[in-house]
Amino acid sequence: MAIEPLLDADDIQGHIIPGYADADLRLLAIRGADDVALKALIRVLIESPLGVTNMRSAFGLRSARKLFLQGVGPEPDDPLRLNLALTRQGLDRLGFAALSGVDRAFDAGMTGLSTGDPKQPLRADGSLEPAHPSNWVIGSASQPFDLLIILACKRNIRDRTTDVADLVREASGISVIYEEFGEDLPNNTEHFGFVDGISTPGIYGEFEESDRKVPITTRYGVPSANGLDFGKPGQPLVWPGRFLVGAPSFEGDEGEIVNEIFKNGSFLVFRRLRQDVAAFYEDTDKMAVKLADKLGAPKINGTLLRETIVGRRQNGQPLMRPGEGPDSPLSINHFFYANATPSINLNNGEQVTGTTPDVRGQRCPFWAHIRKVNPRDGQNDLPEEAQNLQMLRRGIAFGRSYDRQLPADDAKNLEPRGLLFLAYQREIGDQFEELNTHWMNQFEVPAGGGHDLLVGLTLSDDGRLAPRRADWPSSQEQLETPRTWVFPTGGAYLFAPSLSGLKLLI
Ligand code: HEM
């Protein structure tokens, strides 16, 4: 096991590490009239009794909640949490235009080119293309903003954040140009009905607490394998320098020297992704009937096709693990693709059964969402880097659930819904853009055989959204999606400074 770096728990924002898995969010995107107005607002927020939530208090809360869930502690309070991130425009407005070059993609901003979003603002029939950046509800050149305020708590987010939202709205020279709530759906699912938030990288490192050192990622005694150490089974440890500016990126690394404003900060990708639930179910049901007919395989149905597209069953059980699941939270992510995964005994006494490999993508195809974005040990075109591309995903659903008992054109079902995709990393170009644009949107990579049918976007020659394709495992049959079920309607590249970085900025 590597020698662990020490992280500054008082300085790093708590939404980056460890994140707020159990909390709902309120997002406010702000534009300041000038540097004075923006600085004044940031000052009010960081100096308010609420203050910016750091890693230490987020860990304290998480540990207290764990004890409560184990029945050995009282129910912890549910404090309101506050975090902040700036766009490139926001940094420039504060007078730091010269501070560039720390992350190339952040400096360039989220452009259609870097994300593979449609190039045409109109569809072929002349109607508006909502996925084109000029039609987004937030972000892009048409709706730029300076600062993203992230408020979080477990219960009553709407009522409990009213005062802060009012304070922001009433601040002089400040416009709130976008506001949205992210609220957990039942059983941690996303709008298509699949459990989300299962697989997330672990982080090497410790922080000091009352004279002892606490690991950032709990170790469960998983033996090292394929050159990787693990926290939970299936949770490889990654160096903190892949998420935090200036932190070590390999054993013995002292971290890069950067301006203090960037140190201990992290780059945040925000994508407001709308999900068309009716189209997803309607199209996959039809595609499955066609495929079953062609292959003479009546077992293929909409449910199986949807699970194959995700790579997990709705309850989170990966197609790579035997049984319908769900396996226990500690077993559910224990699998590789190219190598067999051994049965192991964890240090808490739990036994985790192993899995056999799937080198050719017959159980979980190369194009399944989870295999596209994390090929683990499997074949891929960036084998040295694959593990280091992962991000700290902090996404949450927005909008009310789709009601399948009501007609698709019922007013409730027509409301917008989707995922507020939020993910922290060190290099947007080498992490988010590799997964999103290089892998999800393309047929051939990481391992060939199909686009990411769930989330990937492909464009036709004229820059409009086009059907995506994938080869059904062990057959010549090709699937083609008639429509896109997930499409961006907003987003931005941001930088979440450390608490000391925020003070330097104002
Ligand atoms: C509305 C859009 C999306 C939906 C519905 C969705 C859904 C899911 C689901 C159900 C899982 C399995 C649960 C888990 O392993 O945590 C998952 C995993 C994952 N998704 Fe997405 N996702 C979306 C967008 C994205 C985007 C834009 C990216 C990155 C570019 C992404 C990256 C990942 C990653 C890295 C994993 C974990 C894979 C693993 O380690 O096995 N997702 N997603």
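**Figure 1. Contacts and overall size of the protein.** Of the contacts in the protein between residues at least 6 apart in sequence, 68% join residues at least 24 apart; two residues are in contact if their C-beta atoms, placed from the backbone, lie within 7 Å. This is a predicted model, in which local features need pLDDT of at least 70, side-chain atom pairs count only at pLDDT 80 or more, and totals for chains, interfaces and linings use all residues. Residues are numbered from 1 along each chain as its sequence is written. The C-alpha trace spans about 65 × 60 × 45 Å along its principal axes. Buried residues make up 48% of the 506 residues (buried: 20 or more other C-beta atoms, placed from the backbone, within 10 Å of the residue's own).

**Figure 2. Helix 2 (residues 55-69).** Helices are DSSP runs of H or I with at least four residues, strands are runs of E with at least two, and both are numbered from the N terminus. Met-55, Ala-58 and Leu-61 of helix 2 are buried. The buried residues fall within an arc of 130 degrees seen down the helix axis, so they line one face of the helix (the arc is that of the directions from the axis to the C-beta atoms). Strand 7 (206-209) is included in what covers them. Just after helix 2, Gly-71 has a positive phi of about 80 degrees.

Methods
The expected span of a helix is 1.5 Å times one less than its number of residues. A residue is buried if 20 or more other C-beta atoms lie within 10 Å of its own, exposed if 12 or fewer, and partly exposed in between; C-beta atoms are placed from the backbone.
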